[in-house]
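Biologist: I would like a close look at a single part of this model. Please go through it in one connected answer.

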Amino acid sequence: MFSTKGDAHKVFLRLRSTVQNGAAIKDMKEYQEIEEIQSLYKSLDSKTLQLIHYRMIKEYNGSGIIPILVSSAPWLLLLFSKQLSTYLFQEGKWLWAGFSIIYIIALAASVIIHFREKAWAAFHMEIIQDILKERKDDKGKSDS
């Protein structure tokens with residue numbers, strides 16, 4: 001199912017398809033995974049959960065190797081551009097095409113991986129925040 005509208009729309013399409021087929025949404029593997037993550041986090045005490053949340057914030061905001069690669073690799077290639085062009089563009093060689101294809105594929109893959117990891121960190125952070133908020137609200141109600 002190809003769509004240029006993004007992953008959120010793909011989720012909607014899967015949900016719509018599941019409902020139209022008469023199946024329960026809770027039977028979808030994506031939602032079973034969410035429930036599994038929630039149940040694990042709910043089984044932990046609030047202090048541990050807060051520490052995990054801090055780690056997730058670090059992962060979400062961490063610069064990591066991928067953004068550094070994206071921003072510094074072109075500068076490195078520019079630094080050696082004369083030597084690189086002399087080697088890649090020698091008579092009749094197609095090395096430049098292979099180099100360009102490999103470089104673009106590696107760059108695209110690393111950017112995709114980086115943003116998927118960032119999305120998963122945000123996903124876990126939201127679950128943890130909801131659990132901590134729910135516990136705080138429950139504690140506030142019991143104190144009243």
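Biologist: Why does glutamate 134 count as partly exposed?

Modeller: Glutamate 134 counts as partly exposed because its relative accessibility is 42%; buried means under 20% relative accessible area, exposed over 50%, and partly exposed in between (1.4 Å probe, protein chains only). This is a predicted model, in which local features need pLDDT of at least 70 and side-chain atom pairs count only at pLDDT 80 or more, while totals for chains, interfaces and linings use all residues. Residues are numbered from 1 along each chain as its sequence is written, and side-chain values use heavy atoms, with hydrogens and water left out.

Glutamate 134 lies in helix 6, residues 95-143; helices (H or I, at least four residues) and strands (E, at least two) are DSSP runs numbered from the N terminus. Together with Glu126, Asp130 and Asp138, Glu134 forms a negative surface patch. Such patches take residues with over 30% relative accessible area and no salt bridge, joining like charges within 9 Å and nonpolar side chains (Val, Leu, Ile, Met, Phe, Trp, Tyr) within 5 Å. A salt bridge is a side-chain nitrogen of Lys or Arg within 4 Å of a carboxyl oxygen of Asp or Glu. Asp and Glu count as negative, with the charge placed at CG of Asp or CD of Glu.

Helix 6 also holds tryptophan 96, which is partly exposed at 33% relative accessibility. Trp96 forms a nonpolar surface patch with Phe89 and Trp94, about 400 Å² of accessible area together, by the Shrake-Rupley method with a 1.4 Å probe. The protein chain as a whole has six helices and zero strands.
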